[in-house]
Amino acid sequence: MSSILIIDDDRSLCRSLQIQLQQLGHQVRFACLAEDGLALLSEATPDLVLLDLTLPDQSGLEVLQQILSVAPQLPTVMITGKQDMNATIEAMRLGAFDYLRKPFDLEDIELVLEKVEHSRRQSADSPGTLIQGESSAPREIIGASKAMMEIIKQIGLLSTRHVTVLISGESGTGKELVARALHEAGAGDKPFVALNCSAVVPTLFESELFGHEKGAFTGADSRRIGKLEQARDGTVFLDEVGDMPLDLQAKLLRALQEQEFERVGGSAAIPLQARMVAATNRPLADMVQDDTFREDLYYRLNVSPLHLPPL
């Protein structure tokens, strides 16, 4: 049995959910204004909050911040009747537990409650820290399917974490759009540097990625700053990473492992500060089996995978 607080200006929805959830043995209170909901929260902390994105007296995102400022570990699920990618990403960045689109049914709520219970058990073993921050508005990703909603929620969660992300999916599914949205949600004021691995001449690949010193090879008339260095503490996006030559894969792996690299012809170690986001339309796991993609690099890139559904 769980204690649930609903904050939504749709009174009929609140009452319907209250009746259905009480029949399952849960305790349910609801409020149609942000002020009233926060007052109920101050009286007793529930196990779960269902919070509408749009309320008459305050923005749901503002209320979310107020809730988490007094109860950082309280699972708060945003609910809304409209598609708003920016709001979804921002809610997940701020610490929302989940995000539901109306209309939803009782099974969706039950699934959320199961996730809350699972999360609570995990937190008991390894408590985490809530990370909050500002974000700029990312480019709009079109799509209202459950699969795309999950992708958008993952963008919000990953935007607060400096981890390597591998985006997979068919050509034309918007892998670069997702990479840019991830960057803009977490580091929109920093450089986003893209490199299409299938469009670079193999002999110039190392120079494109790492840069080179003057005189490093024939034609190197001046120092060149590579993509990793250009990105500084922003994002490097390696598109079609499955097309990267094997020898360059080894050098990229070393840079990721050591968190530093050298320009071609240079000896000074340059810190790798940028987040690495890679994308591919090729089955890298199969390529590993065929020895056409390094297994150690695959696992180094596949820390946080995002798979985009077909169009």
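**Labels and their grounds**

Reply: Start with Ile-4, which stands opposite Val-28 in S2. The model is predicted: local features need pLDDT of at least 70, side-chain atom pairs count only at pLDDT 80 or more, and totals for chains, interfaces and linings use all residues. Residues are numbered from 1 along each chain as its sequence is written, and side-chain values use heavy atoms, without hydrogens and water.

Me: What makes S1 and S2 a pair?

Reply: Two strands pair if DSSP finds at least two bridges between them. Strand S1 (residues 3-7) and strand S2 (residues 27-31) are joined by 5 bridges and run parallel. Strands here are DSSP runs of E, at least two residues, and helices are runs of H or I, at least four; both are numbered from the N terminus.

Me: Which hand does the β-α-β crossover from S1 to S2 have?

Reply: The crossover through helix H1 (residues 11-23) is right-handed. That label applies if, with the strands pointing away from the viewer, the path from the first strand over the helix to the second runs clockwise.

Me: Why are H4 and H6 called oblique?

Reply: Helix H4 (residues 85-94) and helix H6 (residues 146-158) pack at about 45°, with axes 7 Å apart. Axes are lines fitted to C-alpha atoms, for helices over the stretch in contact, and angles run from 0 to 180 degrees between N-to-C directions. Under 35 degrees is roughly parallel, over 145 roughly antiparallel, 65 to 115 roughly perpendicular, and the rest oblique. H4 and H6 are therefore oblique to each other.

Me: Which residues of H4 and H6 meet?

Reply: Contact means heavy atoms within 4.5 Å. From H4, Met-85, Thr-88, Ile-89, Met-92 and Arg-93 take part; from H6, Met-149, Ile-152, Lys-153, Ile-155, Gly-156 and Leu-157.

Me: What makes S7 and S14 edge strands?

Reply: The open sheet has 5 strands in the order S7-S10-S13-S6-S14, with parallel pairing. Strand S7 (192-196) and strand S14 (304-307) each pair on one side only. The twist averages 20° from one strand to the next.

Me: How many bridges link S6 to S14?

Reply: Strand S6 (residues 165-168) and S14 pair in the parallel sense over 4 bridges.
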